[in-house]
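Welcome, and thanks for taking a look at this one with us.

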Amino acid sequence: MRVFITGANRGLGLELTRQYLERGDQVFAASRQPTQATELQQLKQQYADRLVLLPLDVASADSIAAAVQAVQANTDALDVLINNAGVYPHAGSGDAHQRLGQLTHDDAIETLQVNAVGPLLVAQALLPLLRAGQRGRILSISSGQGSLTWKATGDPYHYSASKAALNMYMRSLAAEVGHMGLISVLVDPGWMRTDMGGDHATQEPADSARGIIRLAEQLHADENGSFLTWQGQHVPW
Ligand code: NDP
């Protein structure tokens, strides 16, 4: 399979990259600064023929266009897109900056741009390649924080709103791409020990990655447009 992963240099994206490579798949690992991505560079030495490193800032239209060209230079089709890149402004500061009284325009725009608009535009740009592939799966990493049903606190304002917006964007996309044979879902990866999730998180990104890869394999057409956990259970919108 040919898999495209955003935010591949650390956290969940790096684990997904590693595990897809271990399975024997070809991975297009996108990150903002591939030359600085030490772990990706190490993987490149090990899997030179199946790992393509490419620069991608999902908040930049030019960067998205350049990334598509870089993929097209290597392949004419993709099977799986994992929209993984995401930001949580001031992660580790106890949500202090995402509380009422501390909210800023810049934080709001950056979070929406990276977490919601970026994944939609990446999917749009890669759609011809995904349609040409054998699988046509789009998995966008959302969060339980984006569930309106589960929302019980004010903070984190921007992060929750961005993931709810991502959910709606991808639900819209699913409604359009289903008839093309594509399947697009939102995935809550669980609370992971990464830079974003912090040390107290309950699970390893490697476990989430394993579940997400299995999920991508087992998706059925009737699940197109669903919001699922990394273990495949439905999350309430
Ligand atoms: P990390 O903070 O560990 O990694 C985030 C990744 O996103 C990095 O590779 C980062 O790159 C990349 N990124 C940030 N901004 C951009 C951008 N503008 N363009 C391209 N890449 C960008 O996060 P996690 O691995 O924990 O999170 C992965 C996904 O899972 C995210 O979508 C997150 O919202 C979601 N999630 C995480 C949870 C958790 O508990 N950790 C819980 C629920 C959802 P760089 O190194 O350049 O900054």
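Let us begin with a pair of helices. Helix α1 (residues 11–23) packs against helix α6 (residues 205–218) at an angle of about 55°, and their axes are 9 Å apart. The two helices are therefore oblique to each other, and their crossing is right-handed. On the α1 side, the contact is made by Gly11, Leu12, Glu15, Leu16, Gln19 and Tyr20. From α6 come Pro205, Ala206, Ser208, Ala209, Arg210, Ile212 and Ile213. By class, the contact of α1 with α6 has 8 nonpolar, 3 polar and 2 charged residues. Please keep in mind throughout that this is a predicted model.

**The other helix pairs**

Two further pairs involve α4 (105–132). Its partners are helix α3 (residues 61–72) and helix α5 (residues 157–177).

| Helix pair | Axes | Crossing angle |
|---|---|---|
| α1 and α6 | 9 Å apart | about 55° |
| α4 and α5 | within 9 Å | roughly 20° |
| α3 and α4 | within 10 Å | roughly 25° |

The axes of α4 and α5 cross at roughly 20°. An angle under 35 degrees counts as roughly parallel, so α4 is roughly parallel to α5. Here α4 passes α5 in a right-handed crossing. The α4 residues in this contact are Asp107, Ala108, Thr111, Leu112, Asn115, Ala116, Pro119, Leu120 and Ala123. Facing them in α5 are His158, Tyr159, Ser162, Lys163, Ala165, Leu166, Tyr169 and Leu173. This contact of α4 with α5 divides into 11 nonpolar, 4 polar and 2 charged residues.

What about the pair formed by α3 and α4: are these helices roughly parallel or oblique to each other? With a crossing of roughly 25°, α3 and α4 are therefore roughly parallel. The crossing of α3 and α4 is right-handed. In α3, the residues Ala61, Ile64, Ala65, Val68 and Val71 meet Leu121, Val122, Ala125, Leu126 and Leu129 of α4. The class count for the contact of α3 with α4 is 10 nonpolar, no polar and no charged.

**The sheet**

Now for the strands. An open sheet is built from 7 strands in the order β3-β2-β1-β4-β5-β6-β7, with parallel pairing. At its edges lie β3 (51–55) and β7 (227–229), each of which pairs on one side only. On average, neighbouring strands are turned by 20° against each other, direction ignored. Helix α5 packs on this sheet and touches β5, β6 and β7; the direction of α5 makes about 160° with that of β6.

For a look inside the sheet, take strand β5 (residues 137–141) and strand β6 (residues 183–188), which pair in the parallel sense over 5 bridges. Arg137 has Ile183 as its bridge partner in β6.

**Two backbone details in loops**

Two spots deserve a glance if you check backbone torsions. The peptide bond from Asp155 to Pro156 is cis, with omega near -5°, and Pro156 lies in the loop between β5 and α5. His90 is not a glycine, yet it has a positive phi of about 60°. His90 sits in the loop between β4 (80–83) and α4.

**Around the ligand**

Which residues come nearest to the ligand? Among the 28 residues around it, these are Gly7, Gly11, Gly86, Thr194 and Gly197. By class, the shell holds 13 nonpolar, 11 polar and 4 charged residues. Helix α1 provides the largest share of this shell, with 3 residues.

That brings us back to where we started. Gly11 is one of the residues nearest to the ligand, and Gly11 is also among the α1 residues in contact with α6.

Technical notes:
Residues numbered from 1 in each chain as written. Predicted model: local features only at pLDDT ≥ 70, side-chain atom pairs only at ≥ 80, totals over all residues. Near = placed C-beta within 6 Å. Helix = DSSP H or I, 4+ residues; strand = E, 2+ residues; numbered from the N terminus. Nonpolar A, V, L, I, M, F, W, Y, C, P; charged D, E, K, R; others polar. Axes fitted to C-alpha atoms, helices over the stretch in contact; angles between N-to-C directions. Parallel < 35°, antiparallel > 145°, perpendicular 65-115°, else oblique. Left-handed = near helix turned anticlockwise from the far one by under 90°. Contact = placed C-beta atoms within 7 Å. Pairing = 2+ DSSP bridges.
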